[in-house]
Amino acid sequence: MQQIIDDKNQLKEVFKQAFAELLQERRDLLYDVFTEVLEDIALANAIKEGEETEIVSREQVFEL
């Protein structure tokens, strides 16, 4: 039979346990999320760096 959780601390603990169980069972999901976040951060940093560097033509890029 299901219990009704009427205490905020009980509810918080149930969510913690459920989240911990999810992370243990589906580490691949967490890995994918962190990978995406790191890629987004790297792209944002590259864009910022590119905005501060000298502009070159398309031909100069392809010559390299």
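1. Lys and Arg count as positive and Asp and Glu as negative, while His and the chain ends are not counted. The place of a charge is taken as NZ of Lys, CZ of Arg, CG of Asp or CD of Glu. On these terms the protein has 7 positive and 16 negative side chains, and the centres of the two sets lie 10 Å apart.

2. This is a predicted model, in which local features need pLDDT of at least 70 and side-chain atom pairs count only at pLDDT 80 or more, whereas totals for chains, interfaces and linings use all residues. Residues are numbered from 1 along each chain as its sequence is written, and side-chain values use heavy atoms, with hydrogens and water left out.

3. The protein has three helices and zero strands, in the order α-α-α from the N terminus on. Helices (H or I, at least four residues) and strands (E, at least two) are DSSP runs, numbered from the N terminus. Helix α1 covers residues 8–25, and helix α2 covers residues 27–51.

4. The overall form comes next. The radius of gyration, taken over C-alpha atoms, is compared with a globule rule of 2.2 Å times the number of residues to the power 0.38. A compact globule of 64 residues would have a value near 11 Å, but the protein has 23 Å. Along the principal axes, the C-alpha atoms fill a box of roughly 70 × 25 × 15 Å.

5. Buried means under 20% relative accessible area, exposed over 50%, and partly exposed in between (1.4 Å probe, protein chains only). Of the 64 residues, 0% count as buried. The accessible surface comes to about 6,800 Å², of which 57% belongs to carbon and sulfur atoms; areas come from the Shrake-Rupley method with a 1.4 Å probe, and for residues only the protein chains shown count as cover.

6. Which residue forms a salt bridge with Asp28? The partner is Arg26, with the closest N and O atoms 3.0 Å apart. A salt bridge is a side-chain nitrogen of Lys or Arg within 4 Å of a carboxyl oxygen of Asp or Glu. A search of the whole structure finds one. Asp28 is partly exposed at 39% relative accessibility, and Arg26 is partly exposed at 38%.

7. Asn9, in helix α1, counts as exposed at 58% relative accessibility. Between Asn9 and Asp28 there are 29 Å in space, C-alpha to C-alpha, for 19 residues in sequence.

8. Patches are made of residues with over 30% relative accessible area and no salt bridge; like charges are joined within 9 Å, nonpolar side chains (Val, Leu, Ile, Met, Phe, Trp, Tyr) within 5 Å. Val33, Val37, Leu38 and Ile41 make a nonpolar surface patch of about 360 Å². Ile41 lies in helix α2 and is partly exposed at 45%. Asp32, Glu36, Glu39 and Asp40 form a negative surface patch. Glu39 also lies in helix α2 and is partly exposed at 46%.
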